[in-house]
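Q: I have a structure open here and would like to talk it through. Could you start with the overall fold and then take my questions as they come?

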Amino acid sequence: MKIAISAKGQNLTDQIDPRFGRAYGFIIYDTDSGNSEFIDNSSCVAMAQGAGAQAAQTVLDTGVQGVITGQGGP
């Protein structure tokens, strides 16, 4: 199972970013293999609106089945 974690950094040891749409990035963690990869979210951070929807699409495109985050937004 792949899980997206909104993160303040690029490593599993970095803090969870309490924001979803404007998170620094997402760590995609595969519970089966134990592997992880970082997905940059900088393009959404500066958006005037629609950051959450764009971030959600970015995360969905990786094939995740779960999300760990703080605020999901409206």
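**The sheet and what surrounds it**

A: The fold includes an open sheet of 4 strands, in the order β3-β2-β1-β4, and the pairing within this sheet is mixed. Please keep in mind that this is a predicted model.

Q: Which are the edge strands?

A: The edge strands are β3, covering 36-40, and β4, covering 66-68, and each of them pairs on one side only. From one strand to the next, the twist averages 25°.

Q: How do β1 and β2 run, and how many bridges join them?

A: Strand β1, residues 2-7, and strand β2, residues 25-30, run antiparallel and are joined by 6 bridges. Along this pair, K2 stands opposite D30 in β2, while A7 has G25 of β2 as its bridge partner.

Q: And β1 with β4, parallel or antiparallel?

A: Those two run parallel, with 3 bridges joining β1 to β4. Among the contacts on that side, I5 has I68 in β4 as its bridge partner.

Q: What about β2 and β3, how many bridges there?

A: There are 5 bridges between β2 and β3, and the two strands run antiparallel.

Q: What happens in the hairpin of β2 and β3?

A: The hairpin has 5 residues between the strands, and G34 takes a positive phi near 80° there. S33 is also placed in the loop between β2 and β3.

Q: Is S33 buried, exposed or partly exposed?

A: S33 counts as partly exposed, because its relative accessibility is 42%, and the buried class stops at under 20% while the exposed class begins at over 50%.

Q: Where does K2 lie, and how accessible is it?

A: K2 lies in strand β1, and it is classed as partly exposed because its relative accessible area is 27%. K2 and S36 are 34 residues apart in sequence, and their C-alpha atoms are 9.0 Å apart in space.

Q: Changing topic, which residues make up the largest nonpolar core?

A: That core has 11 residues in all, namely A4, F20, A23, F26, I28, I39, C44, A51, A55, V59 and V64. At least two residues of this core come from β2, and at least two from α2, the element at 51-60.

Q: Which element gives the most to this core?

A: α2 gives the most, with 3 residues.

Q: What can you say about the largest pocket, and which residues line it?

A: The largest pocket holds about 160 Å³ of space. Its lining is made up of R19, F20, G21, R22, G50, A51, G52, A53, Q71, G72, G73 and P74. F20 and A51 are on that list, and F20 and A51 also belong to the largest nonpolar core.

Q: How does that lining split by class?

A: By class, the lining has 4 nonpolar, 6 polar and 2 charged residues.

Terms used:
Residues are numbered from 1 along each chain as its sequence is written. This is a predicted model: local features need pLDDT of at least 70, side-chain atom pairs count only at pLDDT 80 or more; totals for chains, interfaces and linings use all residues. Side-chain values use heavy atoms; hydrogens and water are left out. Two strands pair if DSSP finds at least two bridges between them. Axes are lines fitted to C-alpha atoms, for helices over the stretch in contact, and angles run from 0 to 180 degrees between N-to-C directions. On a 1 Å grid over the protein atoms alone, a cavity is a set of points where a 1.4 Å probe fits but cannot get out, and a pocket is an open set with protein on both sides within 12 Å along at least five of seven lines; lining residues have an atom within 4 Å of a point. Grid points are joined across faces, edges and corners, and a volume is the space filled by probe spheres set on the points. Ala, Val, Leu, Ile, Met, Phe, Trp, Tyr, Cys and Pro count as nonpolar, Asp, Glu, Lys and Arg as charged, and the others, Gly among them, as polar. A nonpolar core is a set of buried Ala, Val, Leu, Ile, Met, Phe, Trp, Tyr and Cys residues joined through side-chain atoms within 4.5 Å. Buried means under 20% relative accessible area, exposed over 50%, partly exposed in between (1.4 Å probe, protein chains only).
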